[in-house]
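The following note is intended for a colleague who is meeting this structure for the first time. Please read the numbered points alongside the sequence and the model.

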Amino acid sequence: MKVTVVGAGGNVGSTVALAIAERDYAKEVVMVDIEKEEGDKTFYPSKGRALDQWETAPILGFDTRLVGTVNYEDTKGSDVCVITAGVPRKPGMSRDDLLEINSNIVRTVTEELVKYSPDTIIVVVSNPLDVMTYVAHATSGFDSSRVMGMAGILDTARFRAFLAEELNVSPKDIQSLLMGGHGDTMVPLPRYTTVSGIPVTQLIDSDKLDAIVDRTKKGGGELVGLMGTSAWYAPGAAAAQMVEAIILDQNRIFPCAVQLNGEYGINDLFLGVPVKLGKGGIKEIIEVDLDDSETELLRASEKAVRSTLEDFKKLMDK
Ligand SMILES: NC(=O)C1=CN([C@@H]2O[C@H](COP(=O)(O)OP(=O)(O)OC[C@H]3O[C@@H](n4cnc5c(N)ncnc54)[C@H](O)[C@@H]3O)[C@@H](O)[C@H]2O)C=CC1
Ligand SMILES: O=C([O-])CC(=O)C(=O)O
């Protein structure tokens, strides 16, 4: 099995690549990035990171070959391609501020990927996530089962980590669901969150739960504020988990950004909902019951993503 990660000279991409390699199920992970000119010197971040990571193989004990390149021919025949290419936000910016620059990058990268891997499955990570997934899908011409965005696994991981800390329990025992766009309007769902089957609403008072929900929604921004750039360890691990589910045909149920065709009453939009992920990509979109307040929050999130999509379409018309 062959996986390509584009943007892998950067933080999220190189983390995805190593997380995949460490699990040792793929034959090869191809790490693509651009060359960087500095003064009279040219640097090759994807080649450097791939070499450094390959040198961990004897220590960490994996066989997956990590290969860095600036040439898309090396990606030929990839089973899954992950797009992390683009610019991360800085303090004071929203993810939507990256729309113009990243949509151009995601479009170019997708064109190159599908040229060499027409049967691949694409996992988008670049922000603003829901609209970048739309862009990759529109550019690829692929069936929507083969193009998806990573956000929900990361956002639920943050929710689960905060809950584990508050309740002093293992994060492994917390299961959770979250829907909507990957922005501050995302919709964590406490009603669908349990600690080993026990509804979290029975274990934590509502004020504390509300504060954790709020922290989750702003989780990306919290890290930007701490680091001056956005997160990569949890995002990289989350994208790698999607790749693994697809390649090993695990039928995992994850929240992912996928194209909705009437599910949840939403059409023609990529938005986070629970799906079954395995061989071939998205096998099923799962529709869960939402109460009135959850539906209202999902509608607000839909509206926010639609507004960014409209901004993208206006940019295209320029
Ligand atoms: N969906 C999610 O939950 C998350 C999304 N992100 C997004 O992922 C993206 C990457 O973030 P980081 O890795 O932190 O940034 P980074 O700056 O460390 O890495 C991005 C890499 O993309 C490369 N790149 C730019 N244009 C390219 C092109 N045309 N072809 C190939 N490579 C290209 C850059 O050279 C750079 O190495 C950002 O847009 C960020 O907002 C980050 C974290 C979570
Ligand atoms: O916050 C950002 O810009 C990066 C991201 O999407 C996240 O960490 O959730």
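This is a predicted model: local features need pLDDT of at least 70, side-chain atom pairs count only at pLDDT 80 or more; totals for chains, interfaces and linings use all residues.

**Notes on the structure**

1. Ligand 2 lies between domain 1 (2-149) and domain 2 (152-313), because both domains give residues to the shell around ligand 2. The domain bounds come from an automatic or database domain assignment. The shell holds 13 residues, and R89, R95, G220, S230 and A231 are the closest; a residue is near a molecule or strand if its C-beta atom, placed from the backbone, lies within 6 Å of it. Helix 8 (residues 219-227) provides the largest share of this shell, four residues. By type, the shell around ligand 2 has six nonpolar, five polar and two charged residues. In this division Ala, Val, Leu, Ile, Met, Phe, Trp, Tyr, Cys and Pro are nonpolar, Asp, Glu, Lys and Arg are charged, and the others, Gly among them, are polar.

2. Residues are numbered from 1 along each chain as its sequence is written, while chains are lettered from A and ligands numbered from 1 in the order in which they are written.

3. Where does ligand 1 lie? Ligand 1 lies between domain 1 (2-149) and domain 2 (152-313), since both give residues to its shell. There are 35 residues around ligand 1, and G7, G10, V12, N127 and P235 come nearest. Helix 1 and helix 4 each supply at least two residues of this shell, and helix 4 gives the most, with four. The shell around ligand 1 comprises 19 nonpolar, 14 polar and two charged residues.

4. The two domains also meet each other. Their centres, taken over C-alpha atoms, are separated by 22 Å. In the contact between them, 36 residues of domain 1 face 35 residues of domain 2; two residues are in contact if their C-beta atoms, placed from the backbone, lie within 7 Å. On the side of domain 1 that touches domain 2, at least two residues each come from helix 1 (11-23), strand 6 (80-83), helix 4 (99-116), strand 7 (121-124), helix 5 (129-140) and strand 8 (147-149). Helix 1 gives the most to this side, with seven residues. The residues on this side of domain 1 are 20 nonpolar, eight polar and eight charged.

5. As to the overall fold, the protein has 10 helices and 16 strands. Helices (H or I, at least four residues) and strands (E, at least two) are DSSP runs, numbered from the N terminus. The C-alpha atoms fill a box of roughly 55 × 50 × 40 Å along the principal axes. Among contacts with a separation of 6 or more, 67% join residues 24 or more positions apart. Of the 318 residues, 47% count as buried; a residue is buried if 20 or more other C-beta atoms lie within 10 Å of its own, exposed if 12 or fewer, and partly exposed in between, with C-beta atoms placed from the backbone.

6. The feature "domain: Lactate/malate dehydrogenase N-terminal" (unreviewed entry) covers residues 1-149, a span that is 38% helix and 21% strand, with end C-alpha atoms 21 Å apart. UniProt places "domain: Lactate/malate dehydrogenase C-terminal" (unreviewed entry) at residues 154-313, where the chain is 45% helix and 23% strand and the end C-alpha atoms are 27 Å apart. UniProt positions are given in the numbering used here, feature names are shortened, and annotations may be inferred rather than shown by experiment.

7. The peptide bond from N127 to P128 is cis, with omega near -5°, and P128 sits in the loop between strand 7 and helix 5. D24, a residue other than glycine, has a positive phi near 65°. D24 is located in the loop between helix 1 and strand 2 (28-32) and counts as exposed because it has 12 C-beta neighbours inside 10 Å. D268, also not a glycine, has a positive phi of about 55°. D268 belongs to strand 15 (residues 267-278), and its 11 C-beta neighbours inside 10 Å mean that it counts as exposed.
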